[in-house]
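Here are a few notes to go with the structure, written for someone meeting it for the first time. Please keep the model open while you read.

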Amino acid sequence: MHRLILLRHGQSVWNAENRFTGWTDVGLTEKGMAENRRAAERLKAGGVDIDVGFTSVQSRAIETLHGVLREMDRLWLPVHKHWRLNERHYGALQGLNKAETAERHSPEQVFQWRRSWDVPPPPIEPDDPRAAVSDRRYAGIAKSNLPRGESLKDCTARVIPFWREGIEPALRLGARVLVAAHGNSLRGLVKHLDNVADQDIPLFEIPTGQPLIYELGADLTPLRRYFLGEDGAVEEITWPGRTNSAAA
């Protein structure tokens, strides 16, 4: 059996301020750092160990991965960072307050931007200071590959190649893998792993600081998936018409 741990980063500064963050690089709050410690405690209580870590190139996810590894005395483990695990790009919405944006454009429109499968936000202009083209961490990436705004469908499409080229090979070698990333990039992985329907995946919530564990078969087909709670307690996840085969 192969084990995959998915962890959404702890609360960021812009999470606390109710802002669209996307590819804007912001750090964690004190609450976010505490959530990292809680996640590590849950992993230890559940007897879950790690062999390798994957994360995005955004500080809040990197801090989350390092925070968990530190608490588990695993800072020496190999870590791989890749832009394809970044949060969904929120285009011209980045930095805007979500409530104020709903007042300006209507709650229904903002809900579509945030929670639809294939409706992208308004794109950011290439010369906008918030655009990724001027960020050194993306210097080696063709400008045509850098998003100006993404739907969840777009985000999923650029996450899956890294799953296949980076994460999947590590799992096949027997590594216990921790992926510390973002709400939407992790949703993309969940959709791919479980073949979740387009209309169901945007509403699937991954709480901050609560590890999502996948137990995978030899062919990396999910056998079981569950959230890990306090003291190692598990909360099983099933999709309509399916069961956790390992628990059945």
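1. A word on the model. This is a predicted model, in which local features need pLDDT of at least 70, side-chain atom pairs count only at pLDDT 80 or more, and totals for chains, interfaces and linings use all residues. Residues are numbered from 1 along each chain as its sequence is written, and side-chain values use heavy atoms, with hydrogens and water left out.

2. Aromatic pairs. Rings of Phe, Tyr and Trp (its six-membered ring) pair if their centres lie within 6.5 Å; planes under 30 degrees apart are stacked, over 60 edge-to-face and the rest tilted. The count by this rule is six aromatic pairs. Phe204 and Phe227 make a stacked pair, because their ring centres are 6.2 Å apart and their planes are at 20 degrees. This pair links distant parts of the chain, 23 residues apart: Phe204 is in the loop between α7 (183-194) and β5 (212-216), and Phe227 is in strand β6 (residues 222-228). Helices (H or I, at least four residues) and strands (E, at least two) are DSSP runs, numbered from the N terminus.

3. Buried means under 20% relative accessible area, exposed over 50%, and partly exposed in between (1.4 Å probe, protein chains only).

4. A cluster to look for. Trp23, Trp83 and Tyr138 are linked into a cluster by ring pairs.

5. The largest pocket. Its volume is about 280 Å³, the space filled by probe spheres set on grid points that are joined across faces, edges and corners. On a 1 Å grid over the protein atoms alone, a pocket is an open set of points where a 1.4 Å probe fits, with protein on both sides within 12 Å along at least five of seven lines; lining residues have an atom within 4 Å of a point. There are 17 lining residues, and Arg8, Glu87, Tyr90, Lys98 and Asn184 lie nearest the centre. Both α5 (107-115) and α7 give two or more residues to the lining, with the largest share, three residues, coming from α7.

6. Two positive phi angles. Asp73, in the loop between α3 (59-71) and β3 (79-81), has phi near 55 degrees and is exposed at 56% relative accessible area. Ser106, in the loop between α4 (98-105) and α5, has phi near 100 degrees and is partly exposed at 25%.
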